[in-house]
Amino acid sequence: MNILAFESSCDETAVAVVRSGRTVLSDAIASQADMHALYGGVVPEIASRKHIEAIAPLADRALAEAGLTREDIDAVAVTYAPGLIGAVLVGVNFAKSVAYALGVPLIPVHHVRGHIAANYITHPDLEPPFLCLCVSGGTTAIVDVADYTTMEVLGSTRDDAAGECFDKVARVLGIGYPGGAPMDRLSQGGDDSKYPFPAVHVHDAPLDMSFSGLKTAAINLIHNAAQKGEELDLPALAASFSRAVSEMLVPRTMEAARLRGRRKIAVAGGVAANSRLRGDLERACAREGKKLYLPELSLCGDNGAMIGSQGYYEYLSGARAGTDLNAWANRDIGRG
């Protein structure tokens, strides 16, 4: 089954063709990162306009790279939530028109479910049930994946997402946007114990997280040093910050796996590319005899392939949408 998939939830326009959930025939992406870097973050209006400019030629490119014609497409999948509402609307409306014109089913896909499905592409042997740590610029959640379309959030951030914190600290340091990769590179070889950061615990919700205090502590440290004319050890700062983020995520993930009796743990989202997080999870899973699934680095960020993969399983479960499909800025992952 060939699914033409669209993703436009933030600042990447992506169109892919995925066969039967696991085989990627093409994955075309148009990134806006360089443009938004001028502003230190995503400007929603600019993102929406760029999606409009990119999506039609990108769809043609995805078909050409897959070696298929429009007649070879069996269904269309699209991210309909969550994300920047104007950006999501571009993908939803274009996908609706394509599905209608081709006379094929339209499949709505939750963006975070798509990130989880990126692991099915990297690991053809992975099947539910498993636990998944979802960490990106907009989402930080521990999700129990009971089957391909039955999921439950066991713990989540109460405020900022982990990826958002990396972005904002990197912006204050002036090392680039998005901030995850520059912070990771800067942290290599740094002393991760030089700058202590707060460890936050949410009362009566041991699997929940809070990153706003950590972000504020890092930004205050940078500003105070600048005001006093003091020079910071930037590799140590980045390493200490990465350690604090990982120590918020890893123990809670392992505890959730123990509570649900899951032997398999996956990671999804842009922060899944962070080397400190990957290493800490590998060590924790080795200690507890659990199998860890990490997506390819190219599949950690937003892409169409992950939407096509999850779209296949949503299709098998009976998910369909009509021309009245709407976009949502926020949507519970359990509702698909």
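Which residues lie nearest the centre of the second largest pocket? Here are a few notes to go with this predicted model.

1. Let me start with that pocket. Pro198, Ala199, Ala244, Glu247 and Met248 lie nearest the centre of the second largest pocket, and they belong to a lining of 15 residues. The space in this pocket comes to about 230 Å³.

2. Glu247 is one of the residues nearest the centre.

3. Now to the sheet. It is an open one built from 5 strands, with mixed pairing and the order E3-E2-E1-E4-E5. At the edges are strand E3 (23-31) and strand E5 (106-110), each of which pairs on one side only. On average, and with direction ignored, neighbouring strands of this sheet are turned by 20 degrees against each other.

4. Strand E1 (residues 2-7) runs antiparallel to strand E2 (residues 12-19), and 6 bridges join the pair. Within this pairing, glutamate 7 stands opposite alanine 14 in E2.

5. Two helices also deserve a look alongside the strands. Helix H4 (residues 111-122) packs on the sheet, where it touches E1, E3, strand E4 (75-81) and E5. The direction of H4 makes about 95 degrees with that of E5. Helix H10 (residues 304-316) lies across E1, E2, E3, E4 and E5, and H10 runs at about 125 degrees to E1.

Note on methods:
Residues numbered from 1 in each chain as written. Predicted model: local features only at pLDDT ≥ 70, side-chain atom pairs only at ≥ 80, totals over all residues. Heavy atoms only, no water. 1 Å grid on protein atoms, 1.4 Å probe; cavity = no way out; pocket = protein on both sides within 12 Å on 5 of 7 lines; lining within 4 Å. Points joined across faces, edges and corners; volume = space filled by probe spheres on them. Pairing = 2+ DSSP bridges. Helix = DSSP H or I, 4+ residues; strand = E, 2+ residues; numbered from the N terminus. Axes fitted to C-alpha atoms, helices over the stretch in contact; angles between N-to-C directions. Contact = heavy atoms within 4.5 Å.
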